[in-house]
Amino acid sequence: MEYNTTRNHLIMKEYGRNIQKMIEYVLSIQDPDHRQANAMALIELMGTLNPHLRNVEDFRHKLWDHLFLISDFRLDVESPYPIPTRETLKARPERLPYPKKYPRNRHFGKNLEMVIDKAIAEDNPEKKDGFTQCIGNYMKLAYSNWHKESVHDDAIKAELTGITNGQLEFHPGFNTAAHASAVIAATSPNFNTNAEFVRTSSLNNGSSNKKRNFQQQNNFKGGKTKNNNNNKNQKYKNRNK
């Protein structure tokens with residue numbers, strides 16, 4: 001009986017012991033054509049045993065790399081892809097160039113500085129005021145998240161003025177939503193003075209007048225139907241007597 005302690009190391013456990021034994025057999029084949037045919041058959045078998053690799057991009061390339069890896073890079077066959085080596089497998093990736101810029105105000109973060117720079121560079125005064133008020137509201141939110149208490153608007157105004165060297169000024173009580181709606185109302189057409197609006201409203205009034213006249217002619221609001229109902233009820237009462 002063969003135990004795992006007497007076997008060699010299993011390089012890739014997802015393929016199992018049998019695949020590794022087949023690759024070891026392919027290594028022992030002397031004929032190059034016969035070895036190449038067996039290697040191609042092993043690739044098909046590895047793809048069948050691992051169907052999840054079919055959803056991976058270039059999965060056959062990955063199978064060929066695994067074949068050379070299990071063979072300890074000693075398999076001498078032709079591959080449709082570049083043959084990996086031990087050096088490329090153990091090569092360390094290049095060091096990532098992490099940013100070394102630290103925010104001037106760490107309790108507000110780096111993104112706030114980027115928004116402040118964008119607001120300072122803005123030429124449109126209305127957009128610049130909107131940027132400034134959004135920045136002040138965000139500073140109030142960040143302060144309440146860190147300190148768990150409310151902050152006065154004058155403190156936010158003073159701190160924003162100090163950060164921007166007086167280039168941006170926060171106005172307490174400025175409603176950004178109302179400002180945006182006012183801008184939209186100023187740039188949108190006035191439908192109250194539009195002739196098309198007047199014409200359609202007059203048509204709607206005419207249709208409502210026709211409906212009212214039709215209801216009056218058919219006594220929908222009159223008392224005739226009520227009298228007919230009363231007569232029918234009186235007839236049924238006399239019949240019951």
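Student: Which residues of α3 are buried?

Tutor: The buried residues of α3 are Phe59, Leu63, Trp64, His66, Leu67, Phe68 and Ile70, where buried means under 20% relative accessible area, exposed means over 50% and partly exposed is anything in between, with a 1.4 Å probe and protein chains only. This is a predicted model, in which local features need pLDDT of at least 70 and side-chain atom pairs count only at pLDDT 80 or more, while totals for chains, interfaces and linings use all residues. Residues are numbered from 1 along each chain as its sequence is written, and side-chain values use heavy atoms, with hydrogens and water left out.

Student: And what do the buried residues of α3 pack against?

Tutor: They pack against α1 and α2, with contact taken as heavy atoms within 4.5 Å. The helices here are DSSP runs of H or I with at least four residues, strands are runs of E with at least two, and both are numbered from the N terminus.

Student: What span should α3 have, at 1.5 Å a residue?

Tutor: The 12 residues of α3 should span 16 Å, and the C-alpha atoms at its ends are 16 Å apart, which agrees; the expected span is 1.5 Å times one less than the number of residues.

Student: How do the axes of α1 and α2 cross?

Tutor: Two packed helices are described by the angle between their axes and the distance between the axes. For α1 and α2 the axes come within 10 Å and cross at roughly 170 degrees, the axes being lines fitted to C-alpha atoms over the stretch in contact and the angles running from 0 to 180 degrees between N-to-C directions. That makes α1 roughly antiparallel to α2, since angles over 145 degrees count as roughly antiparallel, under 35 as roughly parallel, 65 to 115 as roughly perpendicular and the rest as oblique.

Student: Which residues meet there?

Tutor: From α1 there are Ile19, Met22, Ile23, Tyr25 and Val26, and they meet His34, Arg35, Asn38, Leu42, Leu45, Met46 and Leu49 of α2. The residues of this contact divide into nine nonpolar, two polar and one charged, where Ala, Val, Leu, Ile, Met, Phe, Trp, Tyr, Cys and Pro count as nonpolar, Asp, Glu, Lys and Arg as charged, and the others, Gly among them, as polar.

Student: Switching to backbone angles, what is the phi of aspartate 72?

Tutor: Phi of aspartate 72 is near 60 degrees, a positive value in a residue other than glycine.

Student: New topic: is threonine 132 buried or exposed?

Tutor: Threonine 132 is buried, with a relative accessible area of 2%, and it lies in helix α6 (residues 125-147). Leaving aside neighbours within four places in sequence, threonine 132 is in contact with Leu160, Leu168, Glu169 and Phe170.

Student: What does glutamate 159 touch?

Tutor: Not counting residues up to four places away in sequence, glutamate 159 touches His107, Phe108 and Met139. Glutamate 159 and methionine 139 are 20 residues apart in sequence, with their C-alpha atoms 9.3 Å apart in space. Glutamate 159 sits in helix α7 (residues 153-163) and counts as partly exposed, at 31% relative accessibility.

Student: Last one, how many helices and strands are in the protein chain?

Tutor: The protein chain has 10 helices and zero strands, and buried residues make up 21% of its 241 residues.
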